[in-house]
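Work through the exercises below with the model open. Each task is followed by a worked solution.

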Amino acid sequence: MKSKVYFSRQITPENVASLYKLLGKKLSGKVAVKLHSGEVGNQNFLKPDFWKPIIEQVGGTVVECNTAYEGERNTTAKHLKTMKRHGWTEYFDVDLLDAEGPDLVLDIPNGKVIHKNYVGKNLKNYDSLLVLSHFKGHPMGGYGGALKQLSIGIASSYGKAYIHGAGVAEDIWTSDHDSFLESMADAALSIVDYFKDNAVYINVMKNMSVDCDCCAVAEDPCIKDIGILASTDAVAIDQACIDLVYAAKGDPGQKHFLERVESRNGVHTIEAAAELGVGLRDYELIEV
C-alpha cells in the first residue's frame, strides 16, 4: 500500500487550494491551521497573503505556540506582537495555543523516547487540523516539514524544550541528537492519534534555505523552488520532499542543502515516524 502525494510545480496561492481539493478530504468542524509565524528578521517564511486562499477555503483559525528560546516569539505578549507585525492578525483569526497554561498532556504509550507530549491546551477546541509547512532546512533537525510542525510546532514552550531534551527539558540543547529526532517522531504520533483521520498536510518547497523560519538571521535560499505537495500522510509528504531534493541534480544549491539534511541525520525523523505508524514512506507521487 502506498500513500498518495499530490504534486504541482506551479507555486501559487491558488494552487495550494487546488491541491487540497484534489485530496477529496474535507476537514470538518473547527479547523486548526498550523503554520509558522516567522521569527522577526527572517526573510524566507511564507507570508499571510500566500496562505490566504487555503485558510479561507477551510474557514480555519491560524494556530501557533510560543518558542523555547530567546527571540520575539517566546512569550505570549511578544508572539502576539509578532503575529500582528507579520500581518497574520490582519487576515485571520489567530490562536496561540499555549497563551495560558496549563498544558494539555497527551500520552504516547508506545513512544520510542518520550511518553508524554506537552501541547498548548487550546488544541482541545479544534476538531481537525490543516498543517501548512514551508519545507526548508533546519539547524538541528536537518530539515523542517510536516513532521516538525506536528511535533515541535504544536508543542507548548515547555513541550518544545521537553522534545529537544529527549524527555528532560533542562537538556534542551545537549541531549543525544538521534534521541531528539525520535522524540519529534513520538510527539508527531501523539498529534496524529489525537486528530485521527481529520488532518491534511501541505508542504511548499519555496524559498528553501538551509535555515529554519525560526532563525532571525537565516541564510538566503540556496536551491531553486520545486513545488507544492499535499497529502493526508505526514511521513509520505516529507519523504517525497526529501526525494525531490535528491532528484534536483544540476541545481547548484543541492549539495549545500543536502549537507544540512545529512549532517543532522534529518531522515531519521521520517524513519522513526514510519516505524511508529505515523505514516508510510512508500508513496505515489501524482503530478498535476
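**Exercise 1.** State how many residues of α5 are buried, and name them.

Step 1. Helices here are DSSP runs of H or I with at least four residues, numbered from the N terminus. Buried means under 20% relative accessible area, with a 1.4 Å probe and protein chains only.
Step 2. Eight of the eight residues of α5 are buried, and the helix is mostly covered.
Step 3. They are A146, L147, K148, Q149, L150, S151, I152 and G153.

The model is predicted: local features need pLDDT of at least 70, side-chain atom pairs count only at pLDDT 80 or more, and totals for chains, interfaces and linings use all residues. Residues are numbered from 1 along each chain as its sequence is written, and side-chain values use heavy atoms, without hydrogens and water.

**Exercise 2.** Describe how α5 packs on α7.

Step 1. Helix α5 (residues 146–153) and helix α7 (residues 177–195) have axes 8 Å apart, at an angle of about 85°. Axes are lines fitted to C-alpha atoms over the stretch in contact, and angles run from 0 to 180 degrees between N-to-C directions.
Step 2. The angle therefore makes α5 roughly perpendicular to α7 (65 to 115 degrees).
Step 3. With contact taken as heavy atoms within 4.5 Å, α5 contributes L147, L150, S151 and I152, and α7 contributes F180, M184, A187, A188, I191 and V192.

**Exercise 3.** Which helix supplies the largest share of the lining of the largest pocket?

Step 1. α5 and α6 (157–164) each supply at least two lining residues of the largest pocket.
Step 2. The largest share, four residues, comes from α5.

Terms used. Angles under 35 degrees count as roughly parallel, over 145 as roughly antiparallel, 65 to 115 as roughly perpendicular and the rest as oblique. Buried means under 20% relative accessible area, exposed over 50%, partly exposed in between (1.4 Å probe, protein chains only).
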